[in-house]
Amino acid sequence: MDNEVIYLDNASTTKPYKEVVDIMNKYLTEDFYNPSGVYKQSQNVKKLIDDSREKLANILNCNSKDIFFTSCGTESNNWVFKGISENYINNKEKNHIIISPIEHHSILHCCEHLERLGFKITKLKVDSNGFINLNELKNNITDKTMLVSIIFANNEIGVIQNIEEIGKICKEKGVLFHTDGVQAFGHLNIDVKNLNIDFLSVSGHKFGGPKGIGFLYFNNNSNKNIKLENLIDGGGQEFKRRGGTENVASILGMVKAAEISYNNLEKNTKYLTNLRDYCINKILNEIPESYLNGDKINRLPNNINIRFSYIEGESLVLMLNKYNICCSTGSACSSNTLEPSHVLLGIGLKHEEAHGSLRITLNIDNTYKQIDYFIEKLKEIVYKLRQISPLK
Ligand code: PLP
């Protein structure tokens, strides 16, 4: 085990599948053509992009014209928030957005930007398991509300919201509903029609695809009269909605990863859920004063988030890495700040509790043997750190 890297940070990014790398290689080297060309080599590539849209549409139960390729999940989120708000600048009758306090920074920071432009943001509360309160959502929607955005599955604590009920509420109230599906897509079944989702953001590198590619689903035929301005103007790509030469290799790589993920979803979910629960139970049983963050049942099959009393999560991460174990304290984007996680504070943890938390996110390559080794090292490190802890 000593030289083997034990990668337990799959919410941060995943290793691309071999098939993904192979297909990308082909479209970076042999068939590198620009899909906008009129010659057959380009047209062949364009056809593959259209087919890719179709494949994603089949997975999501939507129309292929509702899929728009973007550069990442962050862009997809920015597009929704900024593209909708642009229609309502200086309009006091429609200036309100509702989000949860456990959104990703790409949404929280967008909202801060929009607040500076005069928009009003309501952050709902979440309970200690990480769920929003559906009555609170209902009560906060007014005639001024232009968008509700609630994260599908949280990137730190893995909690899966009741998207079906949230979608129903937004439908009843006639308000647009966006969900950040970056951690959910590839890991959970998502039927955008049944769930009444108007916008869904997805990122390729969270389910075995490449980094720097994503897509946005939005319902072009919604009877809610969606007005979404472009975020990136340019050529006529993506039905004139998102300029820029298509990232062909990455689009094909991402869609290959989506196909692999959904073809194996049931089997993978079963394996990961069992491995996750084995790991959670072993840690909670064998390490005193350790507690699970986030709901036990409605959580992503690969997500574990545990807090340890009297310990700094950052120290744990660094000491585990001496044994080639990779995990994290929270979201990758905020790991270079010393601020406690807004998600853990959102579920009501005190600063020191939030600081003492560790996120372990699995993938199907992880084995029970690796988990046993990881927990053996974790126990030793927790014991050592507690002996010298000034918090104790
Ligand atoms: N939303 C969530 C929930 C995420 O976990 C992430 C990445 O960690 C993003 C958005 C951003 O995605 P990307 O890295 O593709 O910009």
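Me: To get started, how many residues surround the ligand, and which are the closest?
Reply: In this model, which is a predicted one, 14 residues surround the ligand, and the closest are Thr-74, Asp-180, Gln-183, Ser-203 and Lys-206.

Me: What classes of residue are in that shell?
Reply: The shell around the ligand has nine polar residues, together with three that are nonpolar and two that are charged.

Me: And which helix gives the largest share of the shell?
Reply: That is helix α3, which spans residues 73-85 and contributes three residues, the largest share of the shell around the ligand.

Me: What does the side chain of Thr-74 do with the ligand, in terms of distance?
Reply: A polar atom in the side chain of Thr-74 lies 2.6 Å from an oxygen atom of the ligand, while a polar backbone atom of Gly-73 is 2.9 Å from an oxygen atom of the ligand.

Me: Which ligand atom is 2.7 Å from the side chain of Asp-180?
Reply: It is a nitrogen atom of the ligand, and the distance of 2.7 Å is to an N or O atom in the Asp-180 side chain.

Me: How much of the ligand does the protein bury?
Reply: The ligand taken alone exposes 390 Å², and the protein buries 92% of that.

Me: Changing topic, what is the strand order in the open sheet of three strands?
Reply: The order is β9-β10-β12, and the pairing is antiparallel. The edge strands are β9 (290-292) and β12 (357-361), each of which pairs on one side only, and the twist from one strand to the next averages 25°.

Me: Over how many bridges do β10 and β12 pair?
Reply: Strand β10, made of residues 303-308, pairs with β12 over five bridges in the antiparallel sense, and Arg-307 has Ser-357 in β12 as its bridge partner.

Me: Which helix packs on that sheet?
Reply: Helix α10 (residues 313-321) packs on the sheet, where it touches β10 and β12, and the direction of the helix makes about 45° with that of β12.

Me: One more thing: what is phi of Asn-196, and where is that residue found?
Reply: Phi of Asn-196 is near 55°, which is a positive value in a residue other than glycine, and Asn-196 sits in the loop between β6 (176-180) and β7 (199-203). As background, most residues other than glycine have a negative phi.

Me: What about Phe-239, what is its phi?
Reply: Phe-239 is also not a glycine, and its phi is positive, near 55°; Phe-239 is found in helix α7, which covers residues 237-240.

How values were computed:
Residues numbered from 1 in each chain as written. Predicted model: local features only at pLDDT ≥ 70, side-chain atom pairs only at ≥ 80, totals over all residues. Heavy atoms only, no water. Near = heavy atom within 4 Å. Polar contact = N/O pair within 3.5 Å; in protein donor to acceptor, adjacent residues only side chain to side chain. Areas by Shrake-Rupley, 256 points an atom, 1.4 Å probe, with all protein chains shown as cover. Helix = DSSP H or I, 4+ residues; strand = E, 2+ residues; numbered from the N terminus. Nonpolar A, V, L, I, M, F, W, Y, C, P; charged D, E, K, R; others polar. Pairing = 2+ DSSP bridges. Axes fitted to C-alpha atoms, helices over the stretch in contact; angles between N-to-C directions. Contact = heavy atoms within 4.5 Å.
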